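Thanks for coming, everyone. Please look at the screen while I bring up today's structure. I'll start with a pair of helices.

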Amino acid sequence: MQFLRAAWKFLVAIKDGMVLIAMLLFFGALYALLSTQPNSAAIRDGALLLDLNGVIVEEPAAPTFEDFLENSGADSPREFRLRDVVRAIDATVSDDRVKAIVLDLSSFAGGGQTSLTDIGKALDRAKQAGKPIYAFASFYSDDSYQLAAHATEIWMDPMGGIIFAGPGGNRLYYKGLLDQLGVTANIYRVGTYKSAVEPYMRDDQSPAAREASKALYTVLWDSWLAEVKKARPQAAAQPFADSPAKFAEAANGDLAKVAIEQKLVDKLGDKTAFDRFVAEQVGIDETPSPDSFESINYDDFLAANPIDTEGSPIGVITVAGEIVGGNGSTGMAASGRIAEQIYKALDEDEVKALVVRIDSPGGSAFASEEIRLALLEARKKKLPIVVSMGDVAASGGYWVATAGDHIFAEPDTITGSIGVFAVLPSFEKALAKWGVTADGVQTTPLSGEPNFVGGFSEDLNMILQSGVENSYRDFVTLVAKARSKSPAEVDRIGQGRVWDGGTARQLGLVDGFGGIEDALAEAAKRAGLAERDYHAQYLDPETEFSWLPFDGIPFVRHQSAPVNGVIGWAAQREKAVFGQAMATAQGLLAREDVQALCLECGAGERPKTKGSAKWVNWLLGYSSSSAPR
């Protein structure tokens with residue numbers, strides 16, 4: 001009886017504790033929500049402060065409860081949506097309250113080259129409208145300097161420095177490690193240039209991958225140099241980038257001195273000196289300190305300048321991040337969620353056309369096809385579809401793009417990569433070293449496959465490779481039909497080869513150069529809308545708890561992707577068998593009595609995903625379906 005009373009008190013305590021935790025979460029979230037809401041009425045004369053502490057992205061990931069707890073401070077890094085940054089800069093042109101724009105790039109973590117070019121163009125428009133732009137950072141590298149080059153005046157901390165590394169560099173190769181561990185990477189691919197699997201099959205870069213990378217990086221670097229030279233003609237960016245050690249040695253390691261001498265920056269000064277300078281231009285804010293300048297908060301300014309809603313709506317679907325199946329939130333291009341957004345827009349019957357904004361390296365072929373099929377439903381309703389490519393729209397991203405009537409890209413967009421692959425590990429060599437072998441009875445050639453202990457059979461290898469080859473044929477056929485080419489022509493420019501936007505246009509993979517505004521204008525034209533008599537209606541997903549400053553709470557789970565195709569079947573079975581092996585090993589230690597247990601009868605048991613299988617799923621997580629990446 002005493003035990004029961006103690007147990008009851010324990011359960012009541014747990015219940016009370018959960019209620020208390022729930023109340024604390026509720027009031028904490030409510031306080032955070034109220035304290036972080038943008039206030040458009042707070043704007044007064046001063047400088048628009050773009051403190052870009054974080055990265056530029058096409059679509060920010062929905063913050064989770066864990067993110068909220070870990071990064072709730074005002075100085076925490078964040079993801080800045082590209083279109084919002086551009087909108088804020090463009091809004092300064094007609095706002096007399098904005099006396100200048102301040103770029104604080106001290107904690108800027110970068111963005112795609114095309115995205116930064118778009119921001120640079122917006123800065124140029126503001127500068128041409130008479131808005132001075134002042135940039136500051138302790139240290140400048142490629143991405144931060146690409147933005148700073150558009151400033152009226154560039155400042156740098158005298159103890160800071162500047163380095164231009166350019167695109168490219170090394171990647172890690174794991175073939176030697178896998179050999180030592182006895183792990184076999186069973187690779188199935190189509191495409192001479194499909195280099196994503198090379199780290200598992202080689203210990204260096206293949207000649208084909210080196211050729212493609214060099215061609216791409218050369219174009220990107222030349223474009224970066226051209227943009228910087230146009231924005232800041234006096235800067236000796238290329239000589240410094242070509243011989244950084246020579247310049248550093250001549251200045252006795254004083255990179256700030258090099259930056260001044262090569263006209264890469266205009267003035268040296270710490271943050272206090274910079275703030276004091278800006279205060280002289282736009283006014284002093286005495287509240288933080290006498291050296292502070294009157295600043296306009298970025299989020300407040302965005303709230304005061306919402307997206308235009310005049311005219312007919314043109315729906316904008318965003319495909320950003322790796323393309324995966326299921327209904328996940330933003331941060332990845334979850335095909336179920338994106339398809340649902342498209343169907344919802346079609347049901348509402350308001351949008352006059354669709355623009356598909358793609359910033360994705362690809363992912364699951366099945367998920368890419370799910371998005372493409374949803375777009376084809378829009379075409380059946382005679383809705384024009386225009387594709388706008390961002391920093392990257394490659395492989396599965398290009399698969400989706402084939403649904404478009406017209407494709408826009410930027411010269412620096414990374415696209416193409418028409419090819420597919422899959423990787424599944426097996427551990428026969430590693431386990432053999434420990435005396436673990438496999439044997440059993442087969443009723444078909446695929447019984448017990450994939451066999452991660454004894455190695456994959458030739459039948460399975462043939463099936464998996466033929467499945468990947470079939471996916472490649474599907475990919476080539478889609479592109480051929482969409483681009484009015486023969487499959488042979490597409491195969492020649494496919495094979496997993498990645499192209500820059502300029503070359504892709506010459507090859508006929510894209511129709512023209514332009515950004516999101518050009519895509520909207522083209523969509524409006526195809527829909528028969530009058531010039532400028534339209535607006536972008538971004539079909540963004542709603543958060544599950546829209547009143548919270550984060551998407552979801554710990555006990556909310558997103559729907560996972562179903563198994564699609566033979567590769568997915570093989571990956572799931574391998575995870576299940578490996579999980580069962582771990583459970584057997586656990587059972588060997590856990591069972592302390594004579595067992596009346598039928599081990600053979602467990603063959604039809606549902607795979608478990610709890611306990612030890614969780615880390616097994618993580619370990620085997622890189623196994624993928626036919627993934628056009």
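Helices α3 and α4 run roughly parallel to each other, a label for angles under 35 degrees, with over 145 called roughly antiparallel, 65 to 115 roughly perpendicular and the rest oblique. Helix α3 covers residues 82-91 and helix α4 covers residues 113-128. Their angle is about 10°, and their axes are 9 Å apart. Axes here are lines fitted to C-alpha atoms, for helices over the stretch in contact, and angles run from 0 to 180 degrees between N-to-C directions. Helices (H or I, at least four residues) and strands (E, at least two) are DSSP runs, numbered from the N terminus.

A word on the source. This is a predicted model, where local features need pLDDT of at least 70, side-chain atom pairs count only at pLDDT 80 or more, and totals for chains, interfaces and linings use all residues. Residues are numbered from 1 along each chain as its sequence is written, and side-chain values use heavy atoms, with hydrogens and water left out.

Back to the pair. Which residues in α3 meet α4? They are Leu82, Val85, Val86, Ile89 and Asp90. Among their partners in α4 are Ile119, Ala122 and Leu123. Contact means heavy atoms within 4.5 Å. The contact of α3 with α4 holds 8 nonpolar, 1 polar and 3 charged residues. Nonpolar covers Ala, Val, Leu, Ile, Met, Phe, Trp, Tyr, Cys and Pro; charged covers Asp, Glu, Lys and Arg; polar covers the others, Gly among them.

Now a second pair. Helix α14 (residues 335-348) and helix α15 (residues 365-380) cross at roughly 5°, and their axes come within 9 Å. So α14 and α15 are roughly parallel to each other. On the α14 side, the contact includes Ile338, Ile342 and Leu346. On the α15 side, it includes Ile371, Leu375 and Ala378.

Next, salt bridges. How many salt bridges are in the whole structure? The search finds 22. A salt bridge is a side-chain nitrogen of Lys or Arg within 4 Å of a carboxyl oxygen of Asp or Glu.

Take Lys267 and Glu153: their closest N and O atoms are 3.4 Å apart. Lys267 sits in strand β9 and Glu153 in strand β7, so this bridge ties together parts 114 residues apart in sequence. Is Glu153 buried or exposed? Glu153 is buried, at 16% relative accessibility, while Lys267 is partly exposed at 34%. Buried means under 20% relative accessible area, exposed over 50%, and partly exposed in between (1.4 Å probe, protein chains only).

Glu211 and Arg497 form another bridge, at 3.5 Å from N to O. Glu211 is in helix α8, and Arg497 is in the loop between α19 and β19, 286 residues apart. Glu211 is partly exposed at 42%; Arg497 is buried at 9%.

Arg483 and Asp511 meet at 2.7 Å, N to O. Arg483 lies in helix α18, and Asp511 in the loop between α20 and β20, 28 residues apart. Arg483 is buried at 12%, and Asp511 is partly exposed at 31%.

There is also a network: salt bridges link Arg44, Asp285 and Glu294.

Last, the whole chain. The chain has 23 helices and 21 strands. Of its 629 residues, 47% are buried. Take contacts between residues at least 6 apart in sequence: 76% of them join residues at least 24 apart.
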